[in-house]
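Student: Could you take me on a close look at how the helices pack in this model? I'd like one connected walk through the contacts.

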Amino acid sequence: MSTILNTDGISASILNIIDAATEYVVLISPFQRLLPEVRNRLVAAMDRGVEIFVIDGKRGMRDETLDWYSSHPSVSIGYIPELHAKVYANEKMAVVCSMNLLSFSQ
């Protein structure tokens with residue numbers, strides 16, 4: 001079933017996707033700067049054995065975000081220069097939207 005979400009709904013859904021994941025989380029966004037709450041939820045997911053797959057794009061990830069992701073062995077990072085999509089998913093649900101994974105977008 002499809003649902004149209006506002007900004008708050010998208011942010012809440014991303015957190016729900018991370019919290020509900022049992023196998024993997026996919027974060028696809030050309031721009032990423034993680035809120036502390038997102039980082040905390042990702043760490044909790046990794047502690048449960050969840051793999052994190054990150055796809056970044058455009059001009060590349062900021063050093064701070066890249067360093068944070070790279071410091072976790074459960075995170076795989078990809079880069080697509082032409083990326084415009086924003087998709088957040090786990091093995092059971094997904095959000096396809098226009099919101100980047102940036103603190104000011106959320």
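Tutor: Happy to! Let's start with the residues that touch: R39, L42, V43 and M46 in α2 meet E64, W68 and Y69 in α3. Sorted by class, the residues of this contact are five nonpolar, no polar and two charged. Please keep in mind that this is a predicted model.

Now for the geometry. Two packed helices are described by the angle between their axes and the distance between the axes. For α2 (residues 36–47) and α3 (residues 63–70), the angle is about 20 degrees and the axes lie 12 Å apart. Angles under 35 degrees count as roughly parallel, and α2 and α3 are therefore roughly parallel to each other. As for handedness, α2 and α3 make a right-handed crossing.

Helix α2 also packs against α1 (residues 7–20), where the axes come within 8 Å and cross at roughly 20 degrees. That angle again falls under the 35-degree cut-off, so α1 and α2 are roughly parallel to each other. The crossing of α1 and α2, however, is left-handed.

In this second contact, α1 brings L15, I18 and D19, which meet E37, V38, R41, L42 and A45 of α2. The classes here are five nonpolar, no polar and three charged residues.

How values were computed. Residues are numbered from 1 along each chain as its sequence is written. This is a predicted model: local features need pLDDT of at least 70, side-chain atom pairs count only at pLDDT 80 or more; totals for chains, interfaces and linings use all residues. Side-chain values use heavy atoms; hydrogens and water are left out. Axes are lines fitted to C-alpha atoms, for helices over the stretch in contact, and angles run from 0 to 180 degrees between N-to-C directions. Helices (H or I, at least four residues) and strands (E, at least two) are DSSP runs, numbered from the N terminus. Angles under 35 degrees count as roughly parallel, over 145 as roughly antiparallel, 65 to 115 as roughly perpendicular and the rest as oblique. A crossing is left-handed if the near helix is turned anticlockwise from the far one by less than a right angle, and right-handed if clockwise. Contact means heavy atoms within 4.5 Å. Ala, Val, Leu, Ile, Met, Phe, Trp, Tyr, Cys and Pro count as nonpolar, Asp, Glu, Lys and Arg as charged, and the others, Gly among them, as polar.
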